[in-house]
Amino acid sequence: MSKRSGDNVQNAVGTPPARTSNLCNLLGPPRRRYAIEIIIEKDEEITVRELARRITAIEQDIPIEHARGDPYRNVYTSLIQTHLDHMAKAGVVQYDSDRKVITAGESLEDAWVLLQAIQEAQAEIL
């Protein structure tokens, strides 16, 4: 019996296959992947505003100080209305919706390792 590719990722992350599958689904939208990378890099509390500006800068390929207007508002709104809630439910982040502050969740490292494994696998394919 051959191993499925998901089993290899599961072994790399050290989490059960169902958990790995849930994290893979979570990592689908690019904004969530950007958020994970930014939160890992920052390694401290970050506001939704700062996260939205950084993601806007990445998406628009512009300096952070130019990340404003409709593109910024679009990212900010999607983070608040969709992405942060999904990431918080998965334990990847802790999101304080009153203060609009994000901190690392207990599953952030697992998501980061999985994201890196996926990116490495994609690089090998290309």
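Residues count as buried under 20% relative accessible area and as exposed over 50%. The views below are of a predicted model.

**Figure 1. Asp43, an exposed residue in the loop between α3 and β1.** Asp43 sits in the loop that joins α3 to β1. With a relative accessibility of 67%, over the 50% cut-off, Asp43 is classed as exposed. Asp43 comes after α3, and its phi is positive, near 60°. The residue has this positive phi although it is not a glycine. Most residues other than glycine have a negative phi.

Figure 2. The loop between α4 and α5 holds Asp61.

**Figure 3. Overview of the protein chain.** Of the 126 residues in the protein chain, 37% are buried. The protein chain has 6 helices and 3 strands, and in sequence order these follow the pattern α-α-α-β-α-α-β-β-α. Among contacts with a separation of 6 or more, 54% are between residues 24 or more positions apart.

**Figure 4. Helix α3 and its buried residues.** Helix α3 covers residues 30–42, and its 13 residues should span 18 Å at 1.5 Å a residue. The end C-alpha atoms of α3 are 18 Å apart, which agrees with that expectation. The buried residues of α3 are Arg31, Arg32, Ala35, Ile36, Ile38 and Ile39.

**Figure 5. Helix α4 and the elements around its buried residues.** Helix α4 has 13 residues, and the distance from its first C-alpha to its last is 18 Å, close to the 18 Å expected at 1.5 Å a residue. Val48, Leu51, Ala52, Arg54, Ile55, Thr56 and Ala57 are buried in α4.

**Figure 6. The contact between α3 and α4.** The axes of α3 and α4 come within 10 Å and cross at roughly 120°. At this angle α3 and α4 are therefore oblique to each other. Their crossing is right-handed. On the α3 side the contact is made by Arg31, Tyr34, Ala35, Ile38, Glu41 and Lys42. On the α4 side it is made by Glu50, Leu51, Arg54, Ile55, Ile58 and Glu59.

**Figure 7. The contact between α3 and α6.** The axes of α3 and α6 also come within 10 Å, with a crossing angle of roughly 120°. α3 and α6 are therefore oblique to each other. Is the crossing of α3 and α6 left-handed or right-handed? It is left-handed. From α3, the residues in contact are Arg33, Ile36, Glu37, Ile39 and Ile40. From α6, they are Leu108, Glu109, Ala111, Trp112, Leu115 and Gln119.

**Figure 8. The largest nonpolar core.** This core has 28 residues, and those that touch the most other members are Ile36, Leu51, Leu79, Val92 and Ile102. Two or more residues of the core come from each of α2 (17–26), α3, α4 (48–60), α5 (69–89), β2 (93–96) and α6 (108–125). Helix α5 gives the largest share, 6 residues. In soluble globular proteins, nonpolar side chains tend to be buried together.

**Figure 9. Leu51 and its contacts.** Leu51 is part of helix α4. The relative accessibility of Leu51 is 0%, so the residue counts as buried. Leaving out residues up to four places away in sequence, Leu51 touches Ala35, Ile38, Ile46, Leu79, Leu84 and Ile102. Leu51 and Ile38 are 13 residues apart along the chain, and their C-alpha atoms are separated by 7.4 Å.

**Figure 10. Ile102 and its contacts.** Ile102 is one of the residues that touch the most other members of the largest nonpolar core. With residues up to four places away in sequence left out, Ile102 touches Ile39, Glu44, Glu45, Ile46, Thr47, Val48, Leu51, Leu84, Val93, Gln94 and Tyr95. Leu51, included in this list, lies in helix α4.

How values were computed:
Residues numbered from 1 in each chain as written. Predicted model: local features only at pLDDT ≥ 70, side-chain atom pairs only at ≥ 80, totals over all residues. Heavy atoms only, no water. Helix = DSSP H or I, 4+ residues; strand = E, 2+ residues; numbered from the N terminus. Expected span 1.5 Å × (residues − 1). Buried < 20%, exposed > 50% of the residue type's maximum accessible area, 1.4 Å probe, protein only. Core = buried A, V, L, I, M, F, W, Y, C linked by side-chain atoms within 4.5 Å. Contact = heavy atoms within 4.5 Å. Axes fitted to C-alpha atoms, helices over the stretch in contact; angles between N-to-C directions. Parallel < 35°, antiparallel > 145°, perpendicular 65-115°, else oblique. Left-handed = near helix turned anticlockwise from the far one by under 90°.
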